[in-house]
Amino acid sequence: MKNMLRRAQKENFAVMAINCFNLETMRTVIQAAESMSSPIIINILQDHLLRHGDPEIYSWLAAHLAKASTVDVALNMDHGRDADLLKAALDAGFTSVMADFSDMSLEDNIRATREIVEHAHERGATVEAELGGIGEACGHQTDNAMKTDPAIAERFARETGIDCLAVSYGSSHGTYPEGFIPPFDIERLKEIHTAVDIPLVLHGGSGSGRKNIEESVANGICKINVGCDFMNGCRDGLATALTEDPAINYFELIHGAEPAGQDAVRQYISWAGSEGKAA
């Protein structure tokens, strides 16, 4: 993932990271990326990893899908808060992990993140970390106190040795109320971008809107996480297929959800500017 994001940083685009949890979602995302000749990152949330599989299964699936793909594919453990599980993912072959110790004190966050960085870099893998707080779209949305401090970001990046940094400047996780687009603090992002020389990451990309996405990419964002809009697209595809044929075979039903999910991924690839950027 580091190589992907360094190239994105140099050429001023962002790579989409889409939350997946099984073979079907991984395949859907990779096929969408292939259709636009875009690099892609498969995100596996810690919660999904614990509920739906294990590091070895996900790593095996991703490796086989990636080897057959016409685009670059990275496998990233997202929001890993368990140090042992982060290390297990790296040992199983995940190409990157996000070490999310943002709820800790700054000193503890630095210490815990640095431990994961050492483990990952010994294996040639990438580490993302988070500084600041990302709220919940349907609960407590991100406020000013939760936004990333540029000065602290510079120290954090320098002392941990991370490869990319997830920052907070207005986005929240989850699905926003209908018609709501979050106000992004682009000036704060510019300050972080000036202070930190590693690729920056936007979490909570779903529902952020084209303008916010494009301005973010123009000011240092090199990786954009999207989960809800992709999952909602797959859900809507299932609903449409069931409405059209309530007796549809389950096998056909699952495949019927994939085009709608791919449409959501392609929209974000377009906004992120990564179309045609596959190596």
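I looked at helix α7 first, and I noted that A151 and R158 are exposed on one side of the helix, where exposed means over 50% relative accessible area, buried under 20%, and partly exposed in between (1.4 Å probe, protein chains only). The helix and strand names come from DSSP runs (helices H or I of at least four residues, strands E of at least two), numbered from the N terminus. I kept in mind that this is a predicted model, in which local features need pLDDT of at least 70 and side-chain atom pairs count only at pLDDT 80 or more, while totals for chains, interfaces and linings use all residues. I also wrote down that residues are numbered from 1 along each chain as its sequence is written, and that side-chain values use heavy atoms, with hydrogens and water left out.

Which residues of α7 are buried? I found P150, A153, F156, A157 and T160 in this helix, which covers residues 150–160. Seen down the axis of α7, these buried residues fall within an arc of 115°, so they line one face of the helix; the arc is that of the directions from the helix axis to the C-beta atoms. They pack against α6, β5 (126–131), β7 (164–167) and α8 (186–195), with contact meaning heavy atoms within 4.5 Å.

I then followed α7 to α8, whose axes come within 8 Å and cross at roughly 35°. Axes here are lines fitted to C-alpha atoms, for helices over the stretch in contact, and angles run from 0 to 180 degrees between N-to-C directions. P150, A153 and E154 of α7 make the contact with R188, E191, I192 and A195 of α8. I sorted the residues of this contact into 4 nonpolar, no polar and 3 charged, counting Ala, Val, Leu, Ile, Met, Phe, Trp, Tyr, Cys and Pro as nonpolar, Asp, Glu, Lys and Arg as charged, and the others, Gly among them, as polar.

Next I looked up α5 (residues 83–92) and α6 (residues 106–121), whose axes come within 10 Å and cross at roughly 15°. The two helices are therefore roughly parallel to each other, since angles under 35 degrees count as roughly parallel, over 145 as roughly antiparallel, 65 to 115 as roughly perpendicular and the rest as oblique. In this pair, A83, L86, K87, L90 and D91 of α5 meet E115, I116, H119 and A120 of α6, and these residues divide into 5 nonpolar, 1 polar and 3 charged.

For α2 (residues 23–35) and α11 (residues 250–272), I noted axes that come within 8 Å and cross at roughly 50°, and the two helices are therefore oblique to each other. Their contact has 6 nonpolar, 6 polar and 4 charged residues.

Where is V71 found? I placed V71 in the loop between α4 (55–67) and β3 (73–80), and at 6% relative accessibility V71 counts as buried. The C-alpha atoms of V71 and A278 are separated by 5.4 Å, although the two residues are 207 apart along the chain.

My last entry is on S37, in the loop between α2 and β2 (40–45), where phi is near 50°, a positive value in a residue other than glycine.
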